[in-house]
Amino acid sequence: MAKSKNKDENLQQAESGIIHQYKNWFLDYASYVILERAVPSIQDGLKPVQRRILHAMKEMDDGRFNKVANIIGQSMQYHPHGDASIGEAIVNMGQKDLLIETQGNWGDVRTGDDAAAARYIEARLSRFALEVAFNAKTTEWQLSYDGRKNEPVALPMKFPLLLAQGAEGIAVGLATKILPHNFCELCDASIKYLRGKKFDLFPDFQTRGMIDITNYNEGKRGGKVRIRSHIEEVDKKTLIVRDVPYGITTTQLIDSIIKANDQGKIKIKKVTDNTAAEVEIQIDLAQGISPDITIDALYAFTDCEVSISPNACVINKEKPEFLGVRELLKYSVDNTKDLLQKELEIKLSELQDKWHYTSLEKIFFEKKIYKELEKKHENWEKVLDAIAKAFEPFRKQLKRNITREDIVKLTEKPVRRIYKLDIEELNAQIKALEAEIKQVRHNLNNLVDFTVEYYENLLKKYGGGKARKTEIKLFESIQAKQVAIANTKLYVNRADGFIGTALKKDEFVTDLSDLDDVIVFTKAGKMKVVKVAEKTFIGKDIIYLAVFEKNDERTTYNMIYADGKSGISYAKRFNVTGVTRDKEYDLTKGDEKSKVHYFSANPNGEAEVVKVLLSPSSSARNKEFDFYFETLEIKGRASMGNQVTKYPIRSVKFKEAGKATLSGRKLWFDNTFGRLNAEGKGDFLGTFEQDDKILVIYNDANYEITDQELTQRFEGDKILLIEKFDPEKIITAVYLDNEKLQYNIKRFKIETTTLHTKFFFIKDGEGNRLEMVSTDEEPILVVQTGRGSQVRKAKFKVAKMTEIMGWKTVGAKLVDYSKTVTMEWEKKKQSNSQAELFE
């Protein structure tokens, strides 16, 4: 029994020890991965492997390129992990083109091509890295993992490297993602911070593209950025993707496009990768597919648009800390200022030591104290004492005491140097040292200005070719349903009450997208909105179904139903703007015996006339009459409606189509996104009926007639004029004829009727450009020539001086070209004074 008891106790102790070890080991492992592997330090913006690589490269640096394989070997003296992780880190830093200068095939972040093997590629530290990252005198050192060598705790980084390069890492229960920022903008922001001014920082990527920074949140947790490719419409059948979003390769992008095509989200013929020096992915569209809708669909369904959630986490004082990019920049600038102060203090100390020794040397030779070396003394100590005593009369000329080491150093000067020494040269050296000491002290006393000058110098030396590559732009929200291609078919079994895409033997309804919702009405007066599916039960006797458009205030439903309880029939008109999906709505008074006699859906609020036939057995005198829906107001779907008759109805038949009871659609143009909209965003274009068109005149002297389709995309910065098209309106245009060096004016009406086609309407020629355009009935053009006291203004009533011509005509001469000529249309309320009027 005693043995069994001891055995159990030993087992419990062993289990307890193992559990304790697991707890400790996991914590140790987690701490190690966080501190030593995945998360960069706030001090120099580097992960340990990056820091060790740079330190190893500095040790190897002789100005020439070194094989990356050799750099990996050198780095392994400091980094206790395999060569693969070191090689990957070197390539990653080399591709960022900041700290490491590369030679050979280093791969391409845009295409995802890997770098060549380490034995084939070479690298060396860039001049920028040598200037900002190294100074042994201000570096704190520690022993390497095997105790054989010293390595830096952190490099004395005098630049916000972490924000310039970005960082990404996954640790145990912790991750970091810091996006890269623009070199020049970082320098400018650093200067602004030092000057006490406000600054903003936004990501910038080597892969170019566009970025929406609305929700960037300074790179903190919870923020998000949206990144897009530039997609160019070459013609109505061809699109070109000009760059890739950050973190996406051309291969991934093409795969996502093919996948979206296979899923029926977009329709394309083929996609071709023509990437060489620049990204170029050509997309050939299927016949009859809109390029504008396809561009939106590419952003909605492919990697042409991606969202990235930054999470700026750094190691600060041996602990992970979550900070924003502004805080990171401020820390870096403060750290840079401290490092520059240390460097100046070290330099001042060195200069003072040099001044002291040079002054000693001058006195030593000028006052012939060196002759003590020629005298006979008992021993060497007596000689040194004699020299020290000889310096006593001159101590006031010095700024610190003379040490034994100073005297020994003087005695070590070669004898030939003594006789050739030029005292004037020593005086010049002392004077130069004093000037340098004065400048260093000035810099220390004006440390902020010195730090500003440091950043300005960095910007001047290394800022060339580092302009922002990623365009900052607001993105419009793309509704996937609106741009999804109709990739499936909807069927209905009206009697049994089923709808779906798998009911191919039943009645075909419409083509639609698998993202769409369907609105369904039944004979019992029930309504339901459901997601497209293979087979969904709605309810027996389906009378109407269609694709549901949320917030649609124009589609009006006209209905006559009989209340099952009272037998009274009611008529109602209503919209359905928003519902809860899969919820059944009762459009009658709620009795289960209620039924619908008549139902119609009208896209523009049309109000038809119907013939109501009463039951022959009813006591009504008039058993047949017309009912006009236009007499009803449009109300909510829950309204009871107006009474039609108290007698039982046998049938209701359509008699006559009605006119739309809704006013035309109001449209606005939002220049920020280059989009038409009906939500009141941007400039009001007018109220449009169904067949109305839009006129767009571009600054490249093309005009275009287009329809009201809201999915169209316009380049807002290239539009001179956009308005509701009136074929009777006269267009007045002023343009430069570069060949004759004169401004021409022409007035014409739009004669073309082709939609979505651009027409060039000025004289064709190199250097010709459109200056101004107007659709006013009688525009007045103000032309100013000359400068200063020679300024002359003239006003032209162009309607009276220029005939209406064809859109292809050259026009008439207005004035000669001059750099001093400026023109503008006169505002209608502006006075006619101080200008000569021409008609």
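**Exercise 1. Helices α3 and α4**

Which residues in α3 meet which residues in α4? Determine also how the two helices are oriented in this predicted model.

*Solution.* Step 1. From α3, the residues Val-68, Ile-71, Ile-72 and Ser-75 take part, and their partners in α4 are Asp-83, Ile-86, Gly-87 and Ile-90.

Step 1. Sorted by class, the residues of this contact comprise five nonpolar, two polar and one charged.

Step 2. The axes of α3 (residues 68–75) and α4 (residues 83–95) come within 10 Å and cross at roughly 120°. Because of this angle, α3 is oblique to α4.

Step 3. The crossing of α3 with α4 is right-handed.

**Exercise 2. Helices α7 and α15**

Describe the packing of α7 against α15, giving the angle, the handedness and the residues in contact.

*Solution.* Step 1. Helix α7 spans residues 183–194 and helix α15 spans residues 447–462; their axes lie 10 Å apart, at an angle of about 165°.

Step 1. Angles over 145 degrees count as roughly antiparallel, and α7 is therefore roughly antiparallel to α15.

Step 2. α7 and α15 form a left-handed crossing.

Step 3. On the α7 side, the contact is made by Phe-183, Cys-184, Cys-187, Asp-188, Ser-190, Ile-191 and Leu-194. On the α15 side, Val-448, Thr-451, Val-452, Tyr-455, Glu-456, Leu-458, Leu-459 and Tyr-462 contribute.

Step 4. The class count for the contact of α7 with α15 is eleven nonpolar, two polar and two charged residues.

**Exercise 3. Helices α10 and α15**

Step 1. By class, the contact of α10 with α15 holds eight nonpolar, four polar and one charged residues.

**Exercise 4. The chain as a whole**

Summarise the secondary structure, dimensions and confidence of the chain.

*Solution.* Step 1. The chain contains 17 helices and 49 strands.

Step 1. Its C-alpha atoms fill a box of roughly 155 × 120 × 45 Å along the principal axes. The radius of gyration is 41 Å, whereas a compact globule of 839 residues would have a value near 28 Å.

Step 2. The mean pLDDT is 88, and 92% of the residues reach 70 or more. Over residues 830–834, however, pLDDT stays under 50, and the model has six contacts beyond four places in sequence for this stretch.

Technical notes. Residues numbered from 1 in each chain as written. Predicted model: local features only at pLDDT ≥ 70, side-chain atom pairs only at ≥ 80, totals over all residues. Heavy atoms only, no water. Axes fitted to C-alpha atoms, helices over the stretch in contact; angles between N-to-C directions. Helix = DSSP H or I, 4+ residues; strand = E, 2+ residues; numbered from the N terminus. Parallel < 35°, antiparallel > 145°, perpendicular 65-115°, else oblique. Left-handed = near helix turned anticlockwise from the far one by under 90°. Contact = heavy atoms within 4.5 Å. Nonpolar A, V, L, I, M, F, W, Y, C, P; charged D, E, K, R; others polar. pLDDT = per-residue confidence, 0-100. Rg over C-alpha atoms; globule rule 2.2 N^0.38 Å.
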